[in-house]
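Subject: Structure for you to look over

Dear colleague,

Here is the structure I promised to pass on, and below it I have set out what was found. Please read the notes with the structure open beside you.

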Amino acid sequence: MPISLQINGETYEVNVPIKKTLLDVLRDDLALTGTKKGCDSGECGACTVLMDGKPVNSCIILAVDAVGKQISTIEGIGGIMELHPIQEALVAHGAIQCGYCTPGIVMSAKALLDSNPHPTESEVREGITGNLCRCTGYVKVVEAIMDVSRR
Amino acid sequence: MSYSVVGHSLPRVDAREKVSGNALYTGDMVLPHMLVGKVLRSPYAHAKVINIDTSKAKKLPGVKVVLTYEDTPKILWNSAGFPPSPGAILVEDQYILTNKARYVGDGIAAVAAVDEETAIQALELIEVEYEVLPALMNVERAMAEGAVLIHEAEKNIYGHTPVVIGDVDTGFADADFVFEDTYYVPKVNQVSLEPCGVSMAAPDIDGRVTIWTSTQMPHLVRSITAHALGLKTGQVRIIKPTVGGAFGSRLGVVNEPIAALLAMKVGKPVMLKYTREEAFLATESRHPMTMIIKTGVKKDGTFTARQLTSYIDGGAYATHTPSFAGPVAGWFLAMYKSPNIKVDNYSVYTNATQCGAFRGYGNPQVVFAVESQMDDIAIKLGMDPLELRLKNHPCAGEVWMWSGWVIDSCGFEECIASGAKAIKWTEKRNNGAKGRSSQGAKKRGIGMGYMMHVSGARPMLHETSAAMIKINEDGTANLIYSNSDCGQGAGTSLSQIAAEELGIPFTDVIITKTADTDVAGFDIGSHASRQTYSGGNAVKHAAAMAKQKLLEMAAEILETPVEELVVKDGRVWVRNDSPEEPSKSMSIAEVSHSAHFGSHGHQIFGAVSEEPPGNPPVYAAQFVEVEVDTDTGIIEVLRVVAAHDVGTAINPAVVEGQIEGAIQQGMGYALTEEYRYDQESGMPLNPNLSDYKILTSVDMPQIDTILVQATCPTGPFGAKSVGESGLVATAAAIANAVYDAIGIRFKELPITPERVLIALQNRDQKE
């Protein structure tokens, strides 16, 4: 069915099957491949995007249910020319390894810091608990987010 | 020794593209007219295909090709990514698609269709009639008298690698005490966040096929895939884009032959992307092992005999397993000295998914068993466990039994000293008492585990690395390398080595982030913790060759003997000039520009293809503090101190990241992770991330890494390795800490709350 999606401040008109997930529409129809598919069942958080500012797993949300919402993806956070401070901190702390979970972590961290600019370490850990990472042990990820929160 | 680029925690070369979502992984790619591939998987763990009817699937609009066993080349192959070598025992026992399913998920048919939905519909239309056979889900059943054969191997045993040194019977007779224990470790999955099994194959008009694949080893995947397809190696081109984690899971062929066969049959590009469930069902994971360890020891802690008998559950196909048995023996042999050692490893087929490589390659299994027993021995002897380890480990100047070569550097004593101090070993240890102090039901304890690991695969495997440096006309350098970085940071470390050797800024080195077998020299890939040592040596030598040519060119221009010139900070200088007032100097850019466009007319290259000079072992001592809740059985790890001898840390942040991430996997191995099957039907019970639990950000404790840099004379700038070692000793350290907390020895992983509660109940009943 034809729908209109608000993504990163732009309007996209797409024609999608009713059961297609927001993740598949982002990746397949709009070539926004920065959002990753790690499980397709809401378990890993690699597909995290913001919906009206709140982090959601785009693999378990139908695209048709995103109509009327403001969607933010990694592509809307910072480009290669100008990274968001959260992204700069992750780079500076060496918090990125394979990078597959990274876009989702950036989105979760942004949602956290937007609502709670100076979280405790345990609040940071809670804030990214839905984002599985298999490379870092979360050590440098947590350090990076704490670093941004202190600025 | 201080360096200008090496030893600094510089930002990774691929961090910005990854953090911005711009990095392209294989699954992000699209080619014109690309089809989607899907695999029909056996619902039975062991079954013959009696009849298969694909006619309905073929008629479905949008379906372009349906393949079964009948369409596959009748060439047996083995998926393990090994170069032909003395230690590579490659039992060839699989076809691209099978007519006899040997595990739930075995590939029976494959389709390519215009989109995923059509491909899935096509699978549903394929009618298969099976003759179901008994499922043999563990080594005991598989080896039992009269068990059905999974392949043509007597008792389903297809490998036995005996190692005998001295005479263990004499050794046990000489001992004051003999310890014999049986340990079991489960199957665990690598769980790279990018699910294992993603490749895109595109045939070309000249009979070649290009495969973009998420792999650790482009060149070996090229040769195995070519063999499976009946092609020449040169007819296959492998391109490795960004890889979303590997940890051994991509150490060899995964699904490249299926994608390539589909693409070549239909004449169009095919993307074959496994789901998370398929990554569990149909790709290789860590070997479950039953290990019987027998140790004879004198009262003073001297070992008189050590013996390991292990049964390795290799799953449905041989892949790595018979070769893997070699390093397993090596890990055991090499940890502790003894005049008498015997190892018998048996490789056994079962109807579980085949097992392959997972970070550590058998070492976490062996170290869990050996280090658990070592603590029991220390307690029996009344010795400090640290003292028992320091008394018996091999040191610099001695032969390391894994390789048979002399150890050239050893930081183990410093690992022990610094780790023990950080965890407060003497103050906190209960010495096997049943839980000190603590608050009521919660008992605290500390424990440790020791390990040694490799920096490469020699002499088991031929270990070629190749590197080429091109000096551009502006003085920047391209580093062309078969860069198999899967996220660990090898590409960054290699770039630092090149920059340091060339004497140019780190940002002036441009490494090939994408590996391409049509471009880069032959390299055996990213495994055995070998990229920094083996690849680093090749890069350093290629850079040195280019630097020498630069100096020769500069010598001509500056009219100074070449031996008096040096390169530093992107410029050529006269060696003994005062830095404030140099007599003469010129930039690399000027030298290179002159090479290109002056009287010579050539670009300066440095290129090598070589084997590394050795395989230096690395050491680690990991210490943990745990709190065991005796009401719930929950074990909380409060702190991990990981002291690792890595040689020179080329990029300390990268090195720490390797250890920190590995500890998450090691803690999962100890406490939560087990890929399970129904023992009757062979059906997997938890092929998803809800039921297969990896640790989250709130589960992870404080981790303190201590880098002990016992530099290696043969390593690039003294580097050894770190890729795998971070998880090898973690489970043992946790098991030993749990013993320290509650006085119960767990010989089976994972140590779940249920197992803790049962063990506590059993003890209470006895008392």
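Leaving aside its neighbours within four places in sequence, with which residues is Leu193(B) in contact? Before I answer, please bear in mind that this is a predicted model. The contacts of Leu193(B) include Gly38(A), Cys44(A), Ala46(A), Cys98(A), Tyr100(A), Cys101(A), Leu132(A) and Arg134(A), and also Gly244(B) and Gly245(B). Leu193(B) sits in the loop between strand E8 (177–185) and strand E9 (198–203) of chain B, and it counts as buried because 29 other C-beta atoms lie within 10 Å, where 20 or more are needed. Its C-alpha atom is separated by 29 Å from that of Val509(B), a residue 316 places away along the chain.

The contact between the chains

The contact draws 42 residues from chain A and 45 residues from chain B. On the side of chain A that touches chain B, the elements giving two or more residues are helix H2 (85–92), helix H3 (102–115), helix H4 (121–127) and helix H5 (139–149) of chain A, and the largest share, four residues, comes from H2(A). Sorted by class, that side of chain A has 21 nonpolar, 14 polar and seven charged residues.

Helices of chain B

Helix H15 of chain B, which runs over residues 531–558, has 28 residues that should span 40 Å at 1.5 Å a residue, and this agrees with the 38 Å between its end C-alpha atoms. Because 21 of those 28 residues are buried, H15(B) is largely enclosed by the rest of the structure. After H15(B) comes Glu559(B), whose phi is positive, near 55°.

How do helix H10 (residues 363–381) and helix H18 (residues 730–742) of chain B cross? Their axes come within 8 Å, with a crossing angle of roughly 30°, and H10(B) is therefore roughly parallel to H18(B), the angle being under 35 degrees. The crossing of H10(B) past H18(B) is right-handed. From H10(B), the residues Pro364(B), Val367(B), Phe368(B), Glu371(B), Ser372(B) and Asp375(B) meet Ala731(B), Ala732(B), Ala735(B), Asn736(B) and Tyr739(B) of H18(B), and the residues of this contact divide into seven nonpolar, two polar and two charged.

Backbone points to check

Most residues other than glycine have a negative phi, and most peptide bonds are trans. With that in mind, a few places in chain B deserve a mention.

Phe247(B), which is not a glycine, has a positive phi near 60°; it is found in the loop between strand E11 (236–240) and helix H7 (256–266) of chain B, and it counts as buried because it has 30 C-beta neighbours inside 10 Å. Tyr361(B), also not a glycine, has a positive phi of about 50° and is found in the loop between strand E15 (341–349) and H10 of chain B, where Tyr361(B) is buried, with 28 other C-beta atoms within 10 Å.

Pro459(B) lies in the loop between strand E19 (442–453) and strand E20 (465–471) of chain B, whereas Pro750(B) lies in the loop between H18 and helix H19 (753–766) of chain B.

With best wishes

Terms used:
Residues are numbered from 1 along each chain as its sequence is written. Chains are lettered from A and ligands numbered from 1 in the order in which they are written. This is a predicted model: local features need pLDDT of at least 70, side-chain atom pairs count only at pLDDT 80 or more; totals for chains, interfaces and linings use all residues. The expected span of a helix is 1.5 Å times one less than its number of residues. A residue is buried if 20 or more other C-beta atoms lie within 10 Å of its own, exposed if 12 or fewer, and partly exposed in between; C-beta atoms are placed from the backbone. Two residues are in contact if their C-beta atoms, placed from the backbone, lie within 7 Å. Ala, Val, Leu, Ile, Met, Phe, Trp, Tyr, Cys and Pro count as nonpolar, Asp, Glu, Lys and Arg as charged, and the others, Gly among them, as polar. Axes are lines fitted to C-alpha atoms, for helices over the stretch in contact, and angles run from 0 to 180 degrees between N-to-C directions. Angles under 35 degrees count as roughly parallel, over 145 as roughly antiparallel, 65 to 115 as roughly perpendicular and the rest as oblique. A crossing is left-handed if the near helix is turned anticlockwise from the far one by less than a right angle, and right-handed if clockwise.
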